[in-house]
Amino acid sequence: MHEDRKDQGTPGLALGTVAGVPVYVARSWFLIALLITLAFLPAARAVAPQPAATLISFSFALFLYLSVFLHELGHAITARAFGLPVRAIILHLLGGVTHLEREATRPGASFLIAAAGPLLSLLLAAAGLAVDLLADLPPVPELLLRALTLTNLTVGVFNFLPGLPLDGGFLLRAVVWKLTGKDRTGTMAAAHAGRVLALIVLTGGIFLATRGAGVDWISVIWAAFLSSFMWIAATQSIRAERLRDRIPLLQARRLGRRAVAVTADTPLAQALETARAAQAGAMVIVDHDGRPTGLVSEQAVKAVPEHRRPWVSAGEVSRALSGATTLPADLSGTGLIDALRDSGAAEHLLVEPGGEIYGVLSARDLDRLLART
C-alpha cells in the first residue's frame with residue numbers, strides 16, 4: 001500500500017537509501033520474521049535437516065520482505081516520476097508502506113502510482129513461474145522459488161482488491177475521482193469499500209478456518225487482526241476527509257478566548273479574580289506601557305496550589321511571547337493549523353492588524369474541536 005501523507009512517527013531502523021528514497025524497517029518486522037520462519041519450517045524440513053532448515057525458513061522471510069520492498073519501490077519510483085517527493089519506504093508487520101510528502105493532484109497520476117506496486121508483485125510472480133517451468137532447480141532453491149512465486153501472486157491479487165488501505169482502494173479512489181471530479185468523493189467511496197472488505201476478510205477467514213474437523217485458531221486470529229487493521233485504516237481515511245471539510249471553517253477569531261491584561265508583578269490570585277470578573281479565559285502579561293510580553297500558561301496555573309496563588313506572581317507562570325506565538329486574529333484554515341504546529345506552543349496571542357490584543361488561542365481548544373470530527 002502507499003499513503004499520501006507525512007509520517008508522524010519514528011520510522012524504525014534505517015537500512016539506507018535506494019533510488020534516493022530512505023528505507024526503514026519497523027521493529028514489528030522482527031516479530032513477523034520470526035513467525036514466518038516458524039510457519040515455513042515444516043516445508044523447509046522436508047528438503048533439508050536442521051539447522052539448515054531453520055536457515056532456509058529465515059531466508060524465505062528475508063526474500064519475502066525483499067519482494068515487499070520491491071513492491072513499495074514500484075510505488076516510490078512511479079510517484080517520483082510524477083514529481084511527488086517520497087518521504088520513506090517502511091517495512092512493517094503487515095508488509096510495507098510508501099509515505100509520500102503530498103498526494104497526487106490528478107486522478108491519472110494517483111491511479112498509476114497505486115497500480116505500480118501490485119503490478120510489480122505480479123511481474124515477480126510471473127518471473128518466478130517462468131523460472132520454475134524452464135529451469136531444473138535443486139530442492140532448496142525450488143522450494144524457495146515456488147513459495148515466493150505464490151506469495152507474490154497473493155500479494156499482487158490481494159492488493160488489487162478495491163478498498164482502502166489496499167492499493168486497489170487507491171485505484172477505486174482515482175476512478176471515482178475521475179468520474180466525479182472530486183477527490184473527496186473518491187476517498188469516501190474507497191474507504192467505505194475498505195470497511196466492507198474488512199468484514200469480508202473477517203467472515204471469510206473464520207469460514208475457512210472452521211471448515212475442517214477442528215478450528216484453526218491461528219487463522220481466525222490472523223483474519224481478525226488483518227480485518228481490524230483494514231477497518232481502522234479505512235475509518236481513519238473517512239475521518240481525515242471529514243477533517244479536511246472542516247479545516248477551511250477554522251478561524252482564529254472564533255476559537256480565541258477572551259483575555260485580560262495583567263502586569264507580571266500581579267499576584268496570581270488577583271489576576272485570576274480579574275479574569276473571572278471579566279469572564280475571560282486567558283491572561284496576557286503586559287508591560288507598564290500596555291505592550292504584551294507574555295502569556296500566562298494554563299497548565300502552570302493549575303500546577304500552583306490555591307493557597308500559594310496570593311504569593312506567586314502572574315509573571316512566574318507565564319511564557320515570553322515570540323514571533324511564532326503571536327498570530328494574526330484573521331488567520332484561518334490550513335494557515336492556522338500550520339502556524340500552531342510550527343510553534344509547538346500551548347497558547348498563542350491573537351492580535352488585530354493594528355497590533356491590538358484580540359485574545360488568546362489555546363492549542364488544546366483546537367485539538368478538542370478536531371477530536372470531535
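**Exercise 1.** Describe the open sheet of 4 strands: what is its strand order, and which strands lie at its edges?

*Solution.* Step 1: the order is 6-7-8-9, and the pairing is mixed. Strands here are DSSP runs (E, at least two residues), numbered from the N terminus, as are helices (H or I, at least four residues). Two strands pair if DSSP finds at least two bridges between them.
Step 2: strand 6 (259-263) and strand 9 (318-320) are the edge strands, since each pairs on one side only.
Step 3: on average, neighbouring strands of this sheet are turned by 35° against each other, direction ignored.

The model is predicted: local features need pLDDT of at least 70, side-chain atom pairs count only at pLDDT 80 or more, and totals for chains, interfaces and linings use all residues. Residues are numbered from 1 along each chain as its sequence is written, and side-chain values use heavy atoms, with hydrogens and water left out.

**Exercise 2.** In which sense do strand 6 and strand 7 pair, and over how many bridges?

*Solution.* Step 1: strand 6 and strand 7 (residues 282-286) are paired in the parallel sense, over 5 bridges.
Step 2: Val260 stands opposite Met283 in strand 7.

**Exercise 3.** At what angle do helix 1 and helix 4 pack, and which residues meet?

*Solution.* Step 1: helix 1 (residues 28-45) and helix 4 (residues 139-159) pack at about 140°, with axes 10 Å apart. Axes are lines fitted to C-alpha atoms, for helices over the stretch in contact; angles run from 0 to 180 degrees between N-to-C directions.
Step 2: helix 1 is therefore oblique to helix 4 (under 35 degrees is roughly parallel, over 145 roughly antiparallel, 65 to 115 roughly perpendicular, the rest oblique).
Step 3: Phe40, Ala43 and Ala44 in helix 1 meet Leu143, Leu144 and Ala147 in helix 4 (contact means heavy atoms within 4.5 Å).
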